[in-house]
Amino acid sequence: IKFQVTRNKKLRGLCVEYTDTSTAIQISAHAVAQTETLMGIMGHEMIHVYLNRRKVRAHHGADFLKAAASVCKHHGFDFKSF
């Protein structure tokens with residue numbers, strides 16, 4: 001997984017699947033001012049990676065929300081921010 005910083009003001013983070021084995025997580029520098037914010041965005045995007053690698057294309061549907069609830073519970077993130 002490649003990690004990239006962008007200057008895109010329209011998004012916080014983005015999971016980009018180039019191939020089955022090549023993925024990038026892009027985080028906008030405009031969206032992050034604190035480490036806590038970065039960690040939350042990373043958690044969100046890693047859920048996309050997790051589901052994509054399992055061939056579950058559930059953008060922000062039920063499968064995503066189920067995984068997000070688990071991630072938030074284990075890492076102390078605010079579920080409403082996901």
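These notebook entries record what I looked up in this structure.

**Entry 1. Basis**

I worked from a predicted model, in which local features need pLDDT of at least 70, side-chain atom pairs count only at pLDDT 80 or more, and totals for chains, interfaces and linings use all residues. Residues are numbered from 1 along each chain as its sequence is written, and side-chain values use heavy atoms, with hydrogens and water left out.

**Entry 2. The chain as a whole**

I began with the secondary structure and found 2 helices and 3 strands in the protein chain. Helices (H or I, at least four residues) and strands (E, at least two) are DSSP runs, numbered from the N terminus. Along the sequence, the elements follow the pattern β-β-β-α-α.

I then turned to overall dimensions. The C-alpha atoms fill a box of roughly 30 × 30 × 20 Å along the principal axes. The radius of gyration of the protein chain is 12 Å, which agrees with the value near 12 Å for a compact globule of 82 residues. This radius is taken over C-alpha atoms, and the globule rule is 2.2 Å times the number of residues to the power 0.38.

For the surface, I noted an accessible area of about 5700 Å², with 55% belonging to carbon and sulfur atoms; the method is Shrake-Rupley with a 1.4 Å probe, and for residues only the protein chains shown count as cover. Of the 82 residues, 33% count as buried, where buried means under 20% relative accessible area, exposed over 50%, and partly exposed in between (1.4 Å probe, protein chains only).

I also looked up contacts, meaning heavy atoms within 4.5 Å. Among contacts with a separation of 6 or more, 30% join residues 24 or more positions apart.

**Entry 3. The sheet**

In what order do the strands of the sheet lie? I read the order β1-β3-β2, in an open sheet of 3 strands with mixed pairing. The edge strands, each pairing on one side only, are β1 (2-6) and β2 (13-17). Neighbouring strands are turned by 20° against each other on average, direction ignored; axes are lines fitted to C-alpha atoms, for helices over the stretch in contact, and angles run from 0 to 180 degrees between N-to-C directions.

Two strands pair if DSSP finds at least two bridges between them. I followed β1 against β3 (residues 23-28) and found parallel pairing over 5 bridges. Here K2 has A24 as its bridge partner, and T6 stands opposite S28.

E17 stands opposite T23, while C15 has I25 as its bridge partner.

**Entry 4. Cover of β3**

I checked how far β3 is covered, and 6 of its 6 residues are buried. In a regular strand the side chains alternate between the two faces of the sheet. In β3, T23, I25 and I27 lie on one side and A24, Q26 and S28 on the other, and both faces are covered.

**Entry 5. The cysteines**

How many disulfides does the structure hold? I found 0 disulfides, a disulfide being a pair of cysteine sulfur atoms within 2.5 Å. The sulfur of C15 has its closest cysteine sulfur in C72, 17 Å away, which is too far for a bond. C15 is buried at a relative accessible area of 15%, and C72 is buried at 6%.
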